[in-house]
Amino acid sequence: MSDRRAPGRQLHLGVLLSGAGHHPAAWRHPSVRAQGLFEAEGLVAQVQTAERGTLDLVITDDRFSRGDERRGRVQGRLDALLALARVAPVTTAVGLVPTVDVTHTEPFHVSKNVATLDLVSSGRAGWRASLSRTEAEARLFGRKPVATLAELTDEADEVVDVVGRLWDSWEDDAVIRDQPTGRYLDRDKVHYVDFEGRFFNVRGPLITPRPPQGQPLVVIDAVSPPTVQLAGRRADIALIAAADVDSAGQLSEELRALAAAAGRPADALTVLAVADVVFGPDSAKAAAERRVLDSLVMPDPADDRLAGSLDYVGSPIGFAGLAADWFRAEAVDGFVLRPALLPRGLDQIVDGVVPSLRASGVFRSAYTERALRHRFGLEHPPNRYAAAAGTGAGAAEAAEAAR
Amino acid sequence: MSERPRKQIHLAAHFPGVNSTTVWSDPESGSQTDFASFVHLARAAERGKFDFFFLAEGLRLREHRGRIFDLDVVGRPDSLTVLAALAAVTDRIGLAATLNTTFNEPYELARQLASLDHLSAGRAAWNAVTSPDAFTGANFRRGGFLPPGERYRRAEEMILVVRQLWDSWADDAVVADRHSGEFVRDGGVVPFAHWGDQFSVSGTFDVPRSPQGQPVQIQAGDSDEGRELAAAYADVIFSRHAGWGSGRRFYSDVKGRLARYGRKPDELKIIPAATVVLGTSAADAEERARHIHRQQVSPQGAIAFLEQVWGRDLSSYDPDGPLPDIDPDVDGTLSITRGRVRHEKDPLAVAASWRELASEKGLSIRELVIEATARTAFVGTASEVATLIDDHVQADAADGYILVPHLTPHGLDDFVDQVVPLLQERGVYRPDYSGPTLRDHLDLPRPASGA
């Protein structure tokens with residue numbers, strides 16, 4: 001387990017990928033091929049670049065809306081989880097974290113789909129739980145009206161809970177292929193979940209065997225009081241929007257206190273600050289690039305779930321310095337970057353930011369593990385049902401792992 | 001009068017997952033869930049120039065006598081996610097998944113299938129099945145909400161809404177003019193609204209029209225209602241009728257329904273499921289088939305199978321002994337097994353016919369179950385099997401076959417190596433893919449969009 005204060009503590013670095021880049025005018029930049037937004041090759045190349053830079057993980061954004069119908073903005077997208085499944089076999093180490101809706105998607109589907117992403121990526125999956133907040137999105141499904149943030153968060157809590165239980169419904173060694181008794185499966189090692197919540201019930205077991213990681217990583221945006229609470233209770237990785245080192249530090253402390261109050265072990269929760277980045281050889285040139293983009297389409301903070309994030313416009317080395325400062329101050333465990341332009345921004349991160357971080361001694365030069373849990377200091381978790389049934393690891397470990 | 005040109009044969013591969021065809025006990029049987037197994041079978045099928053690779057679906061573990069059924073392969077990954085990954089390691093072969101129309105919503109199915117079509121450059125297919133029951137519903141928010149009589153209505157409405165979403169983007173909607181700032185042309189995307197029995201949904205779809213326009217539609221219904229639905233909507237229909245007589249009857253019946261929908265016979269491909277056993281001689285193949293059938297029905301499996309007909313606990317019976325004297329419990333047969341598609345006729349009649357068969361041939365329980373259930377469609381040398389398949393297709397018993405190997409994942413290697421070249425030599429099977437999409441392989445037109 002990583003100790004925040006231990007020497008050799010390493011910074012975590014990821015990217016949040018969205019279409020042509022985070023800036024709404026990115027698609028109009030000469031470096032972007034817009035038709036490629038709906039093909040596999042562009043995303044594959046981006047994730048392979050991230051892997052070249054030994055980034056911890058990539059997150060693909062997703063939501064059910066068309067994208068902005070206002071003029072000048074990208075419309076349309078591909079399902080984030082399927083896109084990363086497409087990428088998985090042609091990458092080997094970088095973590096793959098799709099954004100997955102929890103409001104309108106059946107929890108059973110979420111659980112089996114992320115388990116399968118973990119399977120096809122050999123244990124590199126996580127998922128970012130996303131709330132659907134609009135009336136328009138609710139009408140796409142016609143199953144229920146739009147709910148308050150508090151209700152959405154309570155429902156998300158149940159979804160994350162049952163998704164994790166379903167992952168434990170198969171013990172790691174349930175498949176026995178025992179010819180003398182004719183049994184393919186030891187059914188004592190497959191458990192009903194029997195989850196009964198406020199919002200839904202799920203019997204289980206999952207139809208998919210236990211994912212390679214046991215429990216793929218849960219990523220939650222901690223960007224409002226209810227979601228901060230949710231992240232403190234449920235997240236392996238919390239994403240925060242903080243514009244300066246002090247507010248980042250405060251948020252991190254708050255999240256860690258919440259995690260402790262929920263009985264979670266120290267260092268169970270990693271806090272990463274989201275940062276919007278526009279890079280150039282120096283601040284002036286980067287600012288000029290940003291002005292060009294803004295002149296085409298102005299970003300609208302109202303659109304942005306992570307509004308209030310650090311907004312960096314400058315050189316990659318400058319960002320590396322800032323990141324190292326925040327990290328050494330223990331304000332955060334790392335960053336998730338939203339490049340304004342893709343793939344250019346990713347190249348700048350890998351060729352500019354990463355070497356500088358490595359030189360500062362705070363970032364890896366090579367992957368030493370594949371499982372995404374291990375990268376974030378988390379062991380392979382015992383199976384809560386195995387311990388309870390006495391068919392696996394001890395009850396004490398299970399009690400610790402169960403939340 | 002000139003001869004009709006020889007029909008081209010269509011072949012597909014089914015990675016069986018949960019089923020009793022797979023012999024998991026054979027030492028040559030690999031993992032049923034490792035991604036590498038899926039890769040091997042998909043690549044073998046692509047080497048054989050198969051039209052598509054297919055994965056089924058099951059959203060609740062089967063139970064028998066109230067406990068999870070443990071004798072057959074259990075456990076499968078999510079089909080669409082596996083197919084998206086397979087798109088990275090294959091180039092041309094179609095990628096087909098069963099997705100039921102009960103525990104899915106049209107918006108998410110439409111976006112997932114369209115996404116897979118984009119990610120695979122036009123190779124996605126959807127086998128729409130209905131799944132009515134409360135048993136599966138226990139894993140979903142609304143439980144068993146759908147009255148069984150409504151399942152075809154829901155399936156039909158689902159297909160219509162999904163198509164409406166796919167067609168709501170014109171093919172040329174994305175102009176991405178960086179100079180003018182126009183990403184989507186005026187009128188290129190049409191909002192949708194559907195107020196129906198099963199769904200009331202509205203808004204705009206968020207995935208551009210995919211390479212095939214609409215992913216290929218597959219269906220598998222055998223009932224009258226199922227055949228009619230296929231005739232109205234499907235590009236491909238699976239069937240259980242791999243035999244000569246039943247195949248020709250099914251073919252003629254289903255193709256005969258197309259005209260009413262303004263469709264030509266060619267527009268619906270009939271593809272029964274079939275198994276193949278190859279041997280060095282006819283006798284060798286027969287012997288191998290017998291061996292596989294024995295492997296497919298273990299002693300414990302035979303008892304469980306019998307219990308499904310008898311509807312009662314038969315664990316005290318010896319699989320190598322005679323059939324039970326007692327009669328089936330007809331009520332029990334309805335509930336003894338859950339989560340499995342079954343085609344049982346009247347259990348009393350089945351039991352009677354089995355008793356007759358067993359006494360006529362002196363069969364034990366296990367031997368009877370093997371005799372009554374284990375089937376291989378095409379048994380023989382490579383040359384004999386090639387002839388059988390070709391003859392069946394030319395005689396309109398099928399347009400092709402979806403092959404289910406009994407060994408995963410290597411079970412189709414020999415077929416691809418030995419039988420496919422013979423079919424190619426006869427000029428009834430493609431030497432190579434002629435186009436990039438599944439519609440190209442199936443020789444199907446690309447539907448125009450409505451926008």
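In this predicted model, the side chains of A:Gln215 and A:Asp168 are joined by a polar contact of 3.0 Å. The side chain of A:Gln215 also has a polar atom 2.9 Å from the backbone oxygen of A:Gly164. On the chain, A:Gln215 belongs to the loop that runs between strand E8 (201-202) and strand E9 (217-221) of chain A. Apart from neighbours within four places in sequence, its contacts are A:Gly164, A:Trp167, A:Asp168, A:Arg373, A:Pro381 and A:Arg384.

Let us stay in chain A and turn to a strand. Strand E4 (residues 126-130) of chain A is largely enclosed by the rest of the structure, because five of its five residues are buried. In a regular strand, side chains alternate between the two faces of the sheet. For E4(A), both faces are covered: A:Gly126, A:Arg128 and A:Ser130 are buried on one side, and A:Trp127 and A:Ala129 are buried on the other. Its parallel partner is strand E3 (residues 95-101) of chain A, and three bridges link the two. Within this pairing, A:Asp101 stands opposite A:Ser130.

Which residues touch the most other members of the largest nonpolar core? That core has 199 residues, and the answer is A:Trp127, A:Phe319, A:Phe335, B:Phe50, B:Phe53 and B:Leu86.

Aromatic side chains deserve a paragraph of their own. Over all chains there are 23 aromatic pairs. One of them joins A:Tyr312 and A:Phe319, with 5.3 Å between the ring centres and 70° between the planes. This pair is classed as edge-to-face because its angle is over 60 degrees. Both partners are buried: A:Tyr312 has a relative accessible area of 12%, and A:Phe319 has a relative accessibility of 0%. Elsewhere, A:Phe64, A:Phe141, B:Tyr107, B:Phe192 and B:Phe205 make up one aromatic cluster, with members from chain A and chain B.

| Arginine | Ring | Distance to ring centre |
|---|---|---|
| A:Arg203 | A:Tyr192 | 3.8 Å |
| B:Arg142 | B:Phe145 | 3.9 Å |

Now for chain B. Here an open sheet of three strands has the order E4-E3-E15, with antiparallel pairing. Strand E4 (67-68) and strand E15 (337-338) stand at its edges; each has a single partner strand, so one side of each lacks a neighbour in the sheet. Strand E3 (residues 63-64) runs antiparallel to E15(B) and is joined to it by two bridges. What is the bridge partner of B:Glu63 in E15(B)? It is B:Arg338.

One last stop in chain B is B:Leu388, a residue of helix H13 (residues 382-394). B:Leu388 counts as partly exposed, because its relative accessibility of 30% lies between the cut-offs of 20% and 50%. Beyond its neighbours within four places in sequence, B:Leu388 is in contact with B:Phe378 and B:Val379. B:Val190 is 198 residues from B:Leu388 in sequence, and their C-alpha atoms are 49 Å apart in space.

Terms used. Residues numbered from 1 in each chain as written. Chains lettered and ligands numbered in written order. Predicted model: local features only at pLDDT ≥ 70, side-chain atom pairs only at ≥ 80, totals over all residues. Heavy atoms only, no water. Phe/Tyr/Trp six-rings, centres within 6.5 Å; stacked < 30°, edge-to-face > 60°. Buried < 20%, exposed > 50% of the residue type's maximum accessible area, 1.4 Å probe, protein only. Lys NZ or Arg CZ within 6 Å of the ring centre and 35° of its normal. Core = buried A, V, L, I, M, F, W, Y, C linked by side-chain atoms within 4.5 Å. Pairing = 2+ DSSP bridges. Helix = DSSP H or I, 4+ residues; strand = E, 2+ residues; numbered from the N terminus. Polar contact = N/O pair within 3.5 Å; in protein donor to acceptor, adjacent residues only side chain to side chain. Contact = heavy atoms within 4.5 Å.
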